[in-house]
Amino acid sequence: MRNVFVSFIGSEDRTPKKRFSEVQKERREQAQRTVLIHCPNKFSEKKFLKYLSQHGHIKSHFFYESLGLYAVVEFCQKESVASLQNVTRTPSVDRECAIPFRSRFFNLKSKNPSGQTSEQPCVQCSDQLPPSSRKLFELLCCAESIDDQLNTLLKESQLTEENTKLRYLTCSFIEDIAAAYFADCAVRPFGSSVNSFGKLGCDLDMFLDLDEIGKFNTHKTSGNFLMEFQVKNVPSERNATQKILSVLGECLEHFGPGCVGIQKILNARCPLVRFSHQASGFQCDLTMNNRIALKSSELLYIYGALDSRVRALVFSVRCWARAHSLTSSIPGAWITNFSLTMLVIFFLQTRSPPILPTLDYLKTLADAEDKCIIEGHNCTFIHDLNRIKPSENTETLELLLKEFFEYFGNFTFNKNSINIRQGKEQNKPESSPLHIQNPFETSLNISKNVSQSQLQKFVDLARESAWILHQEEQGGPSPSSNQPWGLAALLLPSVAGNMSFAKMKKKPASERIKSLLESLKGDSTEKSTNTNGKGTVTTQP
């Protein structure tokens with residue numbers, strides 16, 4: 001292995017960073033020795049843990065609420081789970097028949113219900129949802145600087161350790177069901193759940209990985225014969241994917257505890273099964289052999305780990321976009337969170353000196369073990385984050401936020417495309433309003449769905465936001481004032497609906513900022529008056 005270091009990127013944290021594959025492996029093993037238990041509202045936590053300890057040492061546990069009280073308990077050894085399963089019974093129900101499905105999802109009942117009085121102390125629950133818009137807005141207004149605002153937003157919105165554990169556990173439950181048909185398969189999370197850019201409450205994307213089945217004993221065996229499994233053949237890989245997902249969808253619907261609302265969307269470009277996992281509260285999408293998506297997750301994980309400013313800026317831009325309805329959970333002509341993340345990465349590649357390296361540069365650092373070709377696409381890049389040195393760029397988050405809005409408020413989208421492989425503008429290869437090249441399937445445009453009107457809305461809001469931040473530099477609202485300021489001001493409703501932004505810019509600076517702030521204050525007060533008649537500032541980040 002070449003011991004090469006690059007003069008790009010990093011963060012203030014110089015501690016060794018784990019590879020993406022190492023994190024995935026550790027989390028999957030952790031999930032396999034973890035159980036989920038539906039608990040009574042009132043019970044003794046001490047007695048509960050003592051009872052479970054009969055089956056083995058407990059490494060960690062936490063409680064959360066989601067249509068009931070649940071406990072996530074991680075044992076030190078996987079054998080402890082089997083021991084608990086062996087003393088667990090199938091419930092008896094009146095007038096119905098319980099399907100005897102053996103899983104790691106349990107229901108805790110007391111042998112002496114009358115002994116569970118209201119005197120039992122309530123357990124402390126872990127939050128699984130982001131703070132309310134009002135609470136977040138108040139936190140931002142109380143911050144000491146715009147840099148502090150961006151870091152506060154990141155801290156309050158990012159996935160917690162407990163939520164991450166719950167995501168891997170949910171995938172592990174689905175893997176248990178799939179393993180009944182495909183032993184040694186894996187169900188792997190990808191996207192926001194693992195790429196370090198996930199927000200509390202985001203969907204859980206997962207894929208069924210069958211690539212390792214039948215590949216464990218590829219070494220030569222003695223003798224004159226070769227043994228193969230008897231299998232059924234279908235016309236194409238897509239047809240196989242559809243059949244497998246169809247069967248798994250049926251299993252989830254009929255046998256999967258807590259799996260509801262199953263939708264088999266098998267004719268999509270990427271066939272999937274969509275469902276809700278009631279106990280965790282996650283909306284889930286299950287696909288198959290989606291390894292390119294996992295490589296994209298790994299790439300974003302690397303970019304997010306290289307510099308502490310990256311995730312803070314991405315979370316803030318996404319929050320800003322959500323507050324102004326630039327993004328939506330409903331498919332349509334809107335910009336997606338993935339596209340916004342690509343815009344931030346591209347922007348950081350263009351700084352001087354660069355804050356993030358290009359994908360092509362990461363590819364030149366790759367060793368033989370990093371080489372990766374998926375479906376004919378070159379997905380090779382360095383995996384070891386510790387071989388990449390910090391950037392010499394010291395720009396503040398405040399400056400980067402303002403410069404981001406200025407950069408894309410004046411970007412020639414009608415002529416140029418976004419390309420993080422090279423980190424520079426390129427001529428658009430097709431006529432879509434917004435063209436962002438897929439980093440691995442380079443012939444694809446990840447923002448092909450975005451309409452001209454939505455792109456123009458993004459540009460107008462970016463210009464307006466840059467202008468607001470610029471006016472604050474000239475003596476606008478500050479942390480010491482009673483006015484919304486910094487990022488908080490950017491999350492308020494746009495003034496574009498009340499006055500032509502181009503017309504506003506023609507006014508003297510002092511009049512523009514005064515008109516803007518009065519408009520913002522008026523809008524927020526009008527929209528936030530509660531039932532008691534008290535005005536509170538709210539937004540929808």
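## A pair to start with

Let us begin with I58, whose bridge partner in β3 is F75. The two strands involved, β2 and β3 (residues 69–75), pair in the antiparallel sense over seven bridges. Here, two strands count as paired if DSSP finds at least two bridges between them. Strands (E, at least two residues) and helices (H or I, at least four) are DSSP runs, numbered from the N terminus.

This is a predicted model, in which local features need pLDDT of at least 70 and side-chain atom pairs count only at pLDDT 80 or more, while totals for chains, interfaces and linings use all residues. Residues are numbered from 1 along each chain as its sequence is written, and side-chain values use heavy atoms, leaving out hydrogens and water.

## The four-stranded sheet

β2 and β3 belong to an open sheet of four strands, in the order β2-β3-β1-β4, with mixed pairing. Its edges are β2 (58–65) and β4 (105–107); each has a single partner strand, so one side of each has no neighbour in the sheet. On average, neighbouring strands of this sheet are turned by 25 degrees against each other, direction ignored. Such angles are taken between axes, which are lines fitted to C-alpha atoms (for helices, over the stretch in contact), and run from 0 to 180 degrees between N-to-C directions.

## The five-stranded sheet

Another open sheet holds five strands in the order β5-β6-β9-β8-β7, again with mixed pairing. At its edges stand β5 (186–190) and β7 (259–265), each with a single partner strand, so one side of each is left without a neighbour in the sheet. Neighbouring strands of this sheet are turned by 25 degrees against each other on average, direction ignored.

Within this sheet, β6 (residues 204–209) and β9 (residues 282–288) run parallel and are joined by five bridges. Opposite L208 you will find M288 in β9. Helix α7 (residues 237–255) packs on the sheet, touching β6, β7, β8 (272–277) and β9 (contact means heavy atoms within 4.5 Å). The direction of α7 makes about 160 degrees with that of β7. Helix α8 (residues 291–306) lies across β5 and β6, running at about 45 degrees to β5.

## The cysteines

How many disulfides does a search of the whole structure find? The search finds zero, a disulfide being a pair of cysteine sulfur atoms within 2.5 Å. The sulfur of C284 is 7.3 Å from the closest cysteine sulfur, in C171, which is too far for a bond.

C284 is buried, with a relative accessible area of 1%, whereas C125 is partly exposed at 30%. Buried means under 20% relative accessible area, exposed over 50%, and partly exposed in between (1.4 Å probe, protein chains only).
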